[in-house]
Amino acid sequence: MASILRIRKLCYVEPVKCSPLGFESFESPKSEKEPFETPPKVEKKLVDEIVLDKQKRKKPKRGPKDWRCVDNCCWIIGYLCTTWWLLLILFHSLPANLPGLKVAEPPGVRLKREGVTALHPVVLVPGIVTGGLELWEGKPCSEGLFRKRLWGGSFSEIFKRPLCWLEHLSLDNETGLDPLGIRLRAVPGLVAADYFAPGYFVWAVLIENLAQVGYEGKNMYMAAYDWRLSFQNTEIRDQALSRLKSKIELMYVTNGYKKVVVVPHSMGVIYFLHFLKWVESPPPMGGGGGPNWCAKHIKAIMNIGPAFLGVPKTVSSLLSAEGKDVAFIRAMAPGLLDSELLGLQTLEHALRVARTWDSMISLMPKGGETIWGNLDWSPEEGYGCVSAKRTNMQPSGGINTNNTDGKIDLRVQESLKYGRIISFGKDASKLPSSQLPNLGSKEFVHSTTSTNSNMSCGEVMTEYDEISRESIRRVANNKAYTATSLIDLVRFVAPKMMQRAEAHFSHGIAENLDDPKYSHFKHWSNPLETKLPDAPDMEIYCLYGVGIPTERSYVYKLSPSDRCRSIPFQIDSSSDGSEDGCLKGGVSFVDGDESVPVLSAGFMCAKGWRGKTRFNPSGISTYVREYRHKPPASLFEGRGLESGAHVDILGNVALIEDVLRVAAGATGEELGGNNNYLSTIVKANFPPYGRDFINHTHTGRFCNGKLALDLTAENFGFTTYPPAYLSKEASGSNLLIGANFASAGSGYYEGTAKLYETIPLSKQLANYKEYQKKLVGIAGIANASSIISGGVYLISAGSSDFVQNYYINPLLYKKYTSDQFADILIQSYATFIQELYGLGARKIGVATLPPLGCLPASITIFGSDSNECVAKLNKAAVSFNNKLNVTSQNLQNKLSNVTLVVLDIYQPLLDIVTHPADNGFAEARRACCGTGLLETSYLCNAKSPGTCKNASQYVFWDGYHPTEATNQILSNDLVIAGIALIS
Amino acid sequence: MLRRRKGTEPASKSEPPKLDGEDDQDKKREKERYERKRREREFKKWNCVDSCCWFIGCICSIWWFLLFLFNAMPASFPQYVTEAITGPLPDPPGVKLLKEGLTAKHPVVFVPGIVTGGLELWEGHQCAEGLFRKRLWGGTFGEVYKRPLCWVEHLSLDNETGLDPSGIRIRPVSGLVAADYFAPGYFVWAVLIANLARIGYEEKNMHMAAYDWRISFQNTEVRDQTLSRIKSNIELMVATSGGQKVVVIPHSMGVLYFLHFMKWVESPAPMGGGGGSDWCAKHIKAVMNIGGPFLGVPKAVTGLFSAEARDIAVARAIAPGVLEMDVFGLQTLQHVMRMTRTWDSTMSMIPKGGDTIWGGLDWSPEEGYECIAKKMKNNDNQTAGQNGKVSLEKAKRVHYGRIISFGKDLADAESSKIMRMDFRGAARGNNLANTTCRDVWTEYHDMGIEGIKAVADYKVYTAGSLLDLLNFVAPKMMKRGSAHFSYGIADNLDDKKYEHYRYWSNPLETKLPNAPDMEIFSMYGVGVPTERAYVYKLSSAAECYIPFQIDTSAEGGQDCSCLKGGVYSVDGDETVPVLSAGFMAAKGWRGKTRFNPSGIGTYIREYNHAPPANLLEGRGTQSGAHVDILGNFALIEDILRISLCHSIIQWKPCLLPPVYATDGQ
């Protein structure tokens, strides 16, 4: 459109400028006269000219000459305006639905057709920064802004009177409440957070979809609160918690005694956690609702993008106001911040304002090193860059150990130490912990003289001014800070703020929750220091996006201290990681929803509260849903219908559908429990996985130690383990002993690998071909072919196909019976063996399926409360194994000179599970790791409360995988069958 | 541009050689011709579109420039100008009281009246696409112009149930924004809110009890649980403000709504709120009724009868010219009528108390008094000194009791001379509407000529017979309405039947709650002519028309300035006559009466209307008009003082005219 406009403009502008110009150049002077005047006679030419000139100068008329400057401008503006209006009218008169433009049907409309209607009242709890704030009383500089939004909306005041704006948004430094003479209050009602700024929706899409199934003002409530205050202060100043309580009670009564469904987002999640404790606690500290208030009034809490355990980026914004988007201020005027434009010291101002907001402290990482990792390990180690890598490069760093189902992506190169949330200098982020200077208490002692605070330095006062440069240097001296020592660091740099805020928030992890100190409100918003209410019928959901790199730790440096009163630290944006791309611009990323890492969002639902734990004494059921991020497909989709980003996820159709269904009465089980969505990525590269393996290095195997096939190999006489093919070790002579091509989470069925983004069989085969070529290069043709034909090939696959794909994937189980699906797998197996045979393999061992129904995860998911093995799954496994035997026999007959041995692990494992005591085990149902019902990878964290100490007494390590002790027994059985292979 | 210029140069260069080779005469002629051509071309090119563009551009630029200047202007600039012209302005009451050191104490509840509250769309038909959660009522009313029929369709309620039509959900806007401004720049509660905020009020101790003002009071509870929400909110505010009782400030129809609430909340469930018999005593400190139509307003009748009330339907006020015409074939008036007739709430304001209150054929409480308001402006010494002493000799006595009369003569005639034919038994006649009218359906289309004639033949209607009239012309609507409202006057309030909710909003058929410490204030404007009775005529109309209309040609002339354009006016606040606004507090509830068994104290304050002194004052700080009174400084100060309750102000004794004291009926 713009281009068309410009061309037309050219055409019309033309005559204005051209015609007089043209005339001047070649006509006699007479022709310059205005066309409105009568042409003067030739004789009076000169005189006339003079007269005319004078006339022109004196009273400019609308002659072609005078159409030059201002008029042209006016003309152009008028033209543009007119065109603009015309287009606007056209646009408005367009039918809302252009025939060519098909807008996807919103989930609300679809569900309404399915008969879903409003049932349970819904409470929306917005998070930090998304809620609007309006002015009720202000200083003279804010005149005319009464009841206008200072936060949210158009933000026009930032540009008009920035200092005034900042002054009004700040809170009192001492009390954390209103400064004198300023009252800024949360906007009430749905308008508080439906749109953050014009066109930038927050809750609007969800609200609209809820309305489509019948929700309206009477059964939908936005629990708006002043997100700058500490949670308890919202009650003290505004009675926000009391209002919320009263609103919930009212909606409960007026909607026919239907319990409410609460939908908190981001920080609203911990705000509501605080509310849950507050409402049942006795007054004056609490709301006095009695011990069964929650059980009576709340049906479900659907936490969206929950920041349960804090967000690392809070730390950076408190240290140096550099959080990427917690402070939207930066995002709005990124260039301004660093320049000292207008002498405003924008960054310092932002820091000063943000530091008066107590709520920021609620988002500091909680649980200390137990959760977030220490100097040497972190739960995400080696894992974090997967998502980043998906976009950048192939999974080249991973290696694949040849073996069972326990497939793995073993990362050998140095992994990022995510546990070091803040490190000063890139070196400090990498050094082994022994070389790091110890943190002593003396670092945090202030040197008494605040030498550098002179009065000439502007008016911006952050607490940095009271700290001497020297002690800042000492704090920074090549050190790294973990989640625990971080708190000390923040306490040191901002003592006043922390003193204020720590009266309201706590960041620890409780061992004994019955300790009376935990009844203080400062623990209420920390899920690791409170019990959930006694409400066994309640449901808790964790709904969050994955697949976006999310800030996790930072590399800092001292900023050049030339400016007075500047912030002494800044993110070292020059430090970039190596090839894996996890460290970028001084920030290391893990998987998450752009703001909250998966660890913080998912841990409580997946582990901390799963089953009856000390944090969840009444056994409230928890459900986890992960929404994989997909950027919008086209421009018309706006911010995407399948986004996983922190705020945009509120427009995610899958999430909206889940919320609507629960609001309309569905339970978590009816939604499909955890099955459909538990894609918590199948990777296992961190402790406690591998904690009992040699050298205690984690290997990526899904077990605490060696896998059955490792042991089998050992039994066969191998002393070393074949290296993973894609690793660096898999080169040179190492290759002579073989290699591991397996990948966790893949199977005979190509779709399974696709589902978990692991390496499918076809690709493994290609890798093997490549391996053969290398082998020829190393050993020569003759040796190579003898290695190839003499080598033993072990295959173990299939259980992922069933447990992690078929049974939870409606696309499959609705289409095929388990028998048909087994046939498909067997078909794939047969093809695979023939291809392997074609490549020269002659000794092949194939493991059968284990008793699928006895895996702890299967019992949890499919067992419908009974504690027995799931017969249906075991039957499917038996049937598959029979087919495997028959097919193998056929192949054996068909292919000449091949030894194809089926290694049965079904029966031995079944024996162990059904008679654990006979084999020296104490526990066969629960797994060692945590509750052991569903957990894999992430959720099995070395220090997680609940991980067993004596793994050898357990049959299962996690929800899917046996312990080393079990594998030992299995491998003994395998040896007998495998003798044929080595003979 | 550059490219184009280059392109033209060679083209024009081809001309000079031609000029060179010719003699002077030719040259001149040629030149002239050329010049003329060029001029023509330029005129053609420049005069029309381009001048327009230039003009628009100029205006836009100037506009932007001014806008920029305006924005760059310090916020206090207008005040400087005003003060320079008029001298220092009085402090707003909030500032004044703040200087006295007073701060917020009692929580405050606002109850807005009819039409002033915003309504927004939650579910609509196809034509309303894109309007989700946009205001259909209140705000800019942009949609009225864009898609009028769609708008009317959505704002109408179901003809049978008085609730939502299927597929349409319109809900009241909630929060203070519901009625702070009715349209941009047209304040309703905003000034009062701003003043309360100055002395420390904020959202937590101020509540706007917004409700859907279109549906009947009990239906707001049935459909939206609005009454329950108000109850819960009041309880919450009392609890969170340390046990301070609330001060309720209803305005206009909100007054009746809150009357209904007070009965509802103490009545047992399921019909009531089950708050117990001392709920009001425990939670309410004072009810400060502003411009309350306790006994109804006459213009509600004409609104229902012929959609001609002057401002009860603001829709008319918005586009007064359009209404009468049949522009676009839209039959605007009929549409408005059909829409407003589905609004049950309008029936809550039909005059109550019948002839006892509003006067019969021969007398009315206002007789002989009424024109003072006008005369004060015109020539006030004419009746000065006659106050209260009505000279019966005066021929031009106005029969206000005759709320509707057909023809000016009948309005003036003595009652004995009026020949009336009873319409009640008359046949309604055959349906005379043909199918072309069907899309605009008012109940008049069910009536035949005979019915219409019968109505006109009865000639004169008083408050009592009005109800029969409405029952006759709109039986469906009245059937719906009479399930929710009653217009009588009770003799024995202990009668069981008065426990039904239809009586709750009629102060003459309910007792006030048992709350002796509560206080009831009636605050209203006086000094503005207010509609009281009408002269009607049959409209000369085609079949699709509303058969009756106000006879705008009926003028009182010199003798009776009260009659203008077919409307007799009395003193009041432009909408509510003094009688309706003041009677209950001045008499019906004064002391321990049967309507007020516990002897709740009542107070009256009248605010004499003074138009704004100059343009800068906006709608005036001393206005007594129905809505503008919410910006009246004196009223605001009174409200603030009551809410702060640091000292009960001295309330002036009742200013009602003596004639009220004389009615013995």
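**View 1. Three strands of chain A form an open parallel sheet.** The order is β18-β19-β20 in chain A, the sheet is open, and the pairing is parallel. Its edge strands are β18 (792-795) and β20 (899-903) of chain A, each pairing on one side only. From one strand to the next, the twist averages 20°. Strand names follow DSSP: helices are H or I runs of at least four residues, strands are E runs of at least two, and numbering starts at the N terminus. Two strands count as paired if DSSP finds at least two bridges between them. Four bridges join β18(A) to β19 (residues 843-847) of chain A, and these two run parallel. A:I795 stands opposite A:V846 in β19(A). Strands of a sheet pair through backbone hydrogen bonds, either parallel or antiparallel.

This is a predicted model, in which local features need pLDDT of at least 70, side-chain atom pairs count only at pLDDT 80 or more, and totals for chains, interfaces and linings use all residues; side-chain values use heavy atoms, with hydrogens and water left out. Residues are numbered from 1 along each chain as its sequence is written, while chains are lettered from A and ligands numbered from 1 in the order in which they are written.

**View 2. Chain A as a whole.** Chain A has 33 helices and 22 strands. Of its 983 residues, 59% count as buried. Buried means under 20% relative accessible area, exposed means over 50%, and partly exposed lies in between (1.4 Å probe, protein chains only). Chain A exposes about 38500 Å², and carbon and sulfur atoms supply 57% of that area. Accessible areas come from the Shrake-Rupley method with a 1.4 Å probe; for residues, only the protein chains shown count as cover. Take the contacts in chain A with a separation of 6 or more: residues 24 or more positions apart account for 74% of them. A contact means heavy atoms within 4.5 Å.

**View 3. A salt bridge joins A:E137 and A:R183.** The closest N and O atoms of this pair are 2.7 Å apart. A:E137 lies in strand β2 of chain A and A:R183 in strand β4 (residues 183-186) of chain A, so the bridge ties together parts that are 46 residues apart in sequence. A:E137 is partly exposed, at 30% relative accessibility. A:R183 is buried, with a relative accessible area of 8%. A salt bridge here is a side-chain nitrogen of Lys or Arg within 4 Å of a carboxyl oxygen of Asp or Glu. The whole structure holds 45 salt bridges over all chains.

**View 4. A:R625 and A:D658 form a buried salt bridge**. Their closest N and O atoms are 3.6 Å apart. The pair links distant parts of the chain: A:R625 sits in strand β17 (residues 621-628) of chain A and A:D658 in helix α23 (residues 653-663) of chain A, 33 residues apart.

**View 5. B:R223 and B:D212 form a salt bridge within a network**. The closest N and O atoms of B:R223 and B:D212 are 2.9 Å apart. B:R223 is in helix α9 of chain B, and B:D212 is in the loop between β7 (206-208) and α9 of chain B, 11 residues apart. B:R223 is buried, at 8% relative accessible area. B:D212 is buried too, at 0% relative accessibility. Salt bridges that share partners build one network, whose members include A:K112, A:E216, B:D212 and B:R223.

**View 6. Two cis peptide bonds.** In chain A, a cis peptide bond joins A:P283 and A:P284, with omega about 5°. A:P284 is in the loop between α10 (267-280) and α11 (293-297) of chain A. In chain B, the bond from B:A269 to B:P270 is cis, with omega near 5°. B:P270 is in the loop between α11 (253-266) and α12 (279-283) of chain B.

**View 7. Two non-glycine residues with positive phi.** A:V129 has a phi of about 55°. Its loop runs between β1 (122-125) and β2 (133-137) of chain A. A:V129 is buried, with a relative accessible area of 6%. B:Q225 also has a positive phi of about 55°. B:Q225 is in the loop between α9 (217-224) and α10 (226-240) of chain B. At 11% relative accessibility, B:Q225 is buried.

**View 8. A nonpolar patch on the surface of chain B**. B:I62, B:F65, B:L66, B:F68 and B:L69 make up the patch, with about 530 Å² of accessible area together. B:I62 lies in helix α3 (residues 24-72) of chain B. Patch residues have over 30% relative accessible area and no salt bridge; like charges are joined within 9 Å, nonpolar side chains (Val, Leu, Ile, Met, Phe, Trp, Tyr) within 5 Å.

Terms used: Axes are lines fitted to C-alpha atoms, for helices over the stretch in contact, and angles run from 0 to 180 degrees between N-to-C directions.
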